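Hello,

Here is the structure for your files. My notes on what turned up in it follow below.

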Amino acid sequence: MAPSDSGDDDNRVRLRAESVSDVEVISALLQDAIIPGEDMTYDRAGRRFVMVANRFCWDRRPLAGVTSETGAPVYERRLCGVRIEGVNAVEAAGMPVTRRGALFNLLAITVADAADARVEILFSDGVSLRLAVDGISILAEDLDDGRPTSVMPAHDRA
């Protein structure tokens with residue numbers, strides 16, 4: 001996992017994944033991100049898949065001294081650009097024909113087969129994307145300083 005070497009102290013995340021364990025870190029960072037359908041694209045000529053995720057900042061504590069109208073803690077969401085390089089094909093499952101206006105809740109990014117280098121992006125409601133790649137090369141980078149949210153994602157426990 002290679003962090004940013006920009007020297008910025010603005011607390012923006014910039015991570016590069018080049019191994020299965022690196023992808024696990026990026027997956028945890030992006031868990032519960034909300035991604036508009038029109039903010040995902042496969043650039044066939046450039047062999048890259050790009051998406052902009054509105055990520056819940058699991059890596060940050062609630063904002064100090066700030067509460068919602070109900071007294072609940074206030075957290076943060078940030079826009080995060082994700083670029084996957086060396087993509088040869090994208091296969092979708094459960095994806096609506098028209099993604100415009102659709103919002104997808106990211107559950108995980110996994111490496112389905114390290115030998116064949118297939119990256120899977122799993123969303124709620126059984127939606128997934130499988131990317132055939134040359135190797136693992138993913139960059140995730142915060143694009144803004146974030147905005148407050150009083151809504152913390154919750155997970156059903158079975």
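**Charged contacts**

The side chains of Arg 55 and Asp 59 form a salt bridge, 2.7 Å from N to O. By salt bridge I mean a Lys or Arg side-chain nitrogen within 4 Å of an Asp or Glu carboxyl oxygen. This is a predicted model: local features need pLDDT of at least 70, side-chain atom pairs count only at pLDDT 80 or more, and totals for chains, interfaces and linings use all residues. Residues are numbered from 1 along each chain as its sequence is written, and side-chain values use heavy atoms, with hydrogens and water left out.

Arg 55 is buried, at 0% relative accessible area. Asp 59 is partly exposed, at 44%. (Buried is under 20% relative accessible area, exposed is over 50%, and partly exposed is in between, with a 1.4 Å probe and protein chains only.)

The structure holds 13 salt bridges. Another one joins Arg 147 and Asp 144 at 2.9 Å, N to O. Arg 147 is partly exposed at 29%, while Asp 144 is buried at 17%. Through shared partners, salt bridges link Arg 55, Asp 59, Arg 60, Glu 76, Arg 78 and Asp 142 into one network.

**Glu 76**

Where does Glu 76 sit? It is in strand β6, residues 75–85. (Strands are DSSP runs of E, at least two residues; helices are runs of H or I, at least four; both are numbered from the N terminus.) Glu 76 is buried, with a relative accessible area of 7%. Its side chain makes a polar contact with the side chain of Arg 60 at 3.0 Å. (A polar contact is a pair of N or O atoms within 3.5 Å; within protein, one must be able to donate a hydrogen and the other to accept it, and residues adjacent in sequence count only if both atoms are side-chain atoms.)

**Aromatic residues**

There are three aromatic pairs. Phe 104 and Phe 123 make a tilted one, 5.5 Å centre to centre with 55° between the planes. Phe 104 lies in strand β8 and Phe 123 in strand β9, so the pair ties together parts 19 residues apart in sequence. Both are buried. (Rings of Phe, Tyr and Trp, the last by its six-membered ring, pair if their centres lie within 6.5 Å; planes under 30 degrees apart are stacked, over 60 edge-to-face, the rest tilted.) Separately, Phe 56, Trp 58 and Tyr 75 form one aromatic cluster.

Best wishes
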